[in-house]
Amino acid sequence: MRFAYYPGCASKGACPELNQSTRLVTEKLGIEIVELVKSSCCGAGVIGEADPDLQLALNARTFSQAEEIGLDIMTICGTGQGIMSTSNERLKEEEGLLPRINGMLKEGQYNGRIDVKHLLWILVKDFGLERLKERVVRPLSGIRVAPFYGCYILRPSSVLGFDDPEKPNSLESLISILGAEPIDYIGKTKCCGFPIILEKEDIALGMVSANILEAKDAGADCMVTPCPLCHMNLDIYQEKAGARAGKRLSMPIIHLPQLVGLAIGIEPRELGFSRHLVSPASLLDKLGA
Amino acid sequence: MRVRLSIQRFNPALEEKPRFMSYRVEVPRSATVLEALVRIKEEVDGALAFRASCRQAICGSCSMEINGHEKLACKTQVLTEIDRHGEIKIAPLKNMRIVKDLVADMGPFWHKVRDITPWLIPEGYGTIAISPSTMKAFDNSDACIMCGACLAACNSNEVSEGFLGPAALAKSNRFIADPREGNKKERLLNLQDENGIWDCVRCNFCVEVCPKDVKPMEQIIKLRRASIQEGIRWTKGSRHITGFLDIVRREGRLNEAAMPLKIIGTDIAGILRIIPLGIRMLIKGKVPLHYKRGIEGIKDIRRIFRERGL
């Protein structure tokens, strides 16, 4: 199983522990990844706000790099997945769009032949949950995990299409396979607030505290997310959000591959938990890890 | 077929809080949720309150929360819902005051739409021919039936009830797209403040629930683009976009640590406020310091930006 690996900006910037844990987990599971070292930012929907064609060109450029080595792309960022899925769908389906965008590229052309898949989808479908179950050596028993999907891995569902946006199940089934108990709460498909944290901090912090408090009330020991932007907002801004809401939140936020890594026997200190602002020590203690 | 519906009942004049009641009714396999509700009202409980009128997704009256998501009862089939969710659970639109049972107070929703001046302010008088290509610019923003589903689903509105919200802003773009409109710049200027276009968090819920494919979030994005093109660039929201472009053009990737300064600019108090968190991030190794040269292949990325005039 081989994929062209698109690390995205966050795992190369503020969330190096995501890149680190992804590499360890894929290596241990035998999923071969070839990093697209020349790939750029996907635009995150922000570049598209100013110039939709520019965002399409940046993504077509990345797609052409994967096409050249004949591999589908693996993403580890919910936002990247949403933007790249949307771009790919448009490039493949809209008449006349691909030649026009290719006209903006110099180093390679995109022929509309690759798919873009999130690590979560690859683990659930391509690798397979049954196979993953066989690799679990440290079942996460006794741990209650709140899945936090975020927006772009689910919506717009007309393009993403892996999970039912009204009733997603991929994170829940993955959490169960790893031996932990997934908990249910309404906020699991809501927005983390990250896109406006810098300009509308009050609204964004309100989202952080509302989602975390809901998970906490439902009995969660930690939250797990397939999106590093959600991770940034829920982890980095958690203390601030708690102060604003007048509540102590102390909820460890775990990247998807970190949770998988714990269960398949990778040492916790290798998974980069020390980089989190909210310490997951309580969770690791509970696991006896 | 015989189906069970769990319906939220609440009479604020008599009760402290809402409760769910269960109803069993016989409906045809092709029944919509609205048909089931009508049957309950006619045959089981005449006191059940809900709004409905056209029964064909034109009037927007019967929007409600069906299995946790905003839908028109007349456009939603009983069987499809049971297949998808295993049950049918109905509540009024959320984040609105409940008048009775499934009837939500739409007052604040109407006021938000009124606040964007939802009528044409023409530039002079005369005849303007509207071609099919001109109609394309409306991009369905004129298809709204004012059902309020998008506002109930809006994540920003949930934590900040002053936000104008998806329907009102999509309506606003309907006039920006109209070649007859003479007040475009002022319309945009009125949307820059608190509660305007920059409060949208781009969660896509409005796009997902809209029964008429208005794609409100996409309309808000167009308003943001139009604002920047009109030279309205002093808001933090517009600086987020221009700053983001600057960083990616220079480095090929977004450096999150460089974003705050792009947005705060030279506001000393603002800079002082972000320093404590910045230091904690630095200690935790969350501030990348190696971007300056740019990623491999940065020259090609800069070329693409340059050819776009950026």
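Predicted model: local features only at pLDDT ≥ 70, side-chain atom pairs only at ≥ 80, totals over all residues.
Chain A contributes two or more lining residues from each of α2 (46-50), α3 (52-68), α4 (78-93) and α7 (157-160). In chain B, α9 (205-209) and α10 (216-229) do likewise. The leading contributor to this lining is α4(A), with seven residues. The space in the largest pocket comes to about 980 Å³. Its lining has 14 charged, ten nonpolar and nine polar residues.

A:Pro156 sits in the loop between β5 (144-147) and α7 of chain A.

The elements that supply two or more lining residues are β4, β5 and α6 (155-159) of chain B. Of the elements, β5(B) gives the most, with three residues. Twelve residues of this lining are nonpolar, twelve are charged and eight are polar.

Chains A and B meet in a contact that takes 65 residues from chain A and 58 residues from chain B. The size of an interface is often given as the accessible area lost when the parts come together. Between chain A and chain B, the buried area is about 5,700 Å². Carbon and sulfur atoms give 57% of that area. On the chain A side, A:Glu49, A:Glu166 and A:Leu198 supply 14% of the area that this chain buries against chain B.

Five have a volume of 30 Å³ or more. The largest cavity has a volume of about 390 Å³. It is lined by 36 residues, and the closest to its centre are A:Ala44, A:Thr79, A:Phe194, A:Leu229 and B:Glu256. Two or more lining residues come from each of α4 and α10 (228-236) of chain A and α11 (236-251) of chain B. The largest share of the elements is that of α10(A), which gives four residues. By class, 27 lining residues of the largest cavity are nonpolar, seven are polar and two are charged.

The second largest cavity has a volume of about 110 Å³. Its lining has 15 residues. Closest to the centre are B:Cys144, B:Cys147, B:Cys150, B:Cys210 and B:Val214. At least two lining residues come from each of α5 (149-153) and α7 (166-176) of chain B. This lining has 13 nonpolar residues, one polar and one charged.

Chain B contains an open sheet of five strands. The strand order is β2-β1-β5-β3-β4, and the pairing is mixed. In chain B, β2 (19-26) and β4 (69-72) stand at the edges with a single partner strand each, so one side of each has no neighbour in the sheet. From one strand to the next, the twist averages 35°. In chain B, β1 (residues 2-9) pairs with β2 in the antiparallel sense over eight bridges. Within this pairing, B:Arg9 has B:Arg19 of β2(B) as its bridge partner.

Two helices of chain B pack against these strands. Helix α1 (residues 33-43) lies across β1, β2, β3 (63-66) and β5 (89-91) of chain B. The helix runs at about 95° to β2(B). Helix α2 (residues 78-85) of chain B packs on the sheet and touches β1, β3 and β4 of that chain. The direction of α2(B) makes about 165° with that of β4(B).

Methods: Residues numbered from 1 in each chain as written. Chains lettered and ligands numbered in written order. Heavy atoms only, no water. Pairing = 2+ DSSP bridges. Axes fitted to C-alpha atoms, helices over the stretch in contact; angles between N-to-C directions. Contact = heavy atoms within 4.5 Å. 1 Å grid on protein atoms, 1.4 Å probe; cavity = no way out; pocket = protein on both sides within 12 Å on 5 of 7 lines; lining within 4 Å. Points joined across faces, edges and corners; volume = space filled by probe spheres on them. Nonpolar A, V, L, I, M, F, W, Y, C, P; charged D, E, K, R; others polar. Buried area = accessible area lost by both parts, 1.4 Å probe.
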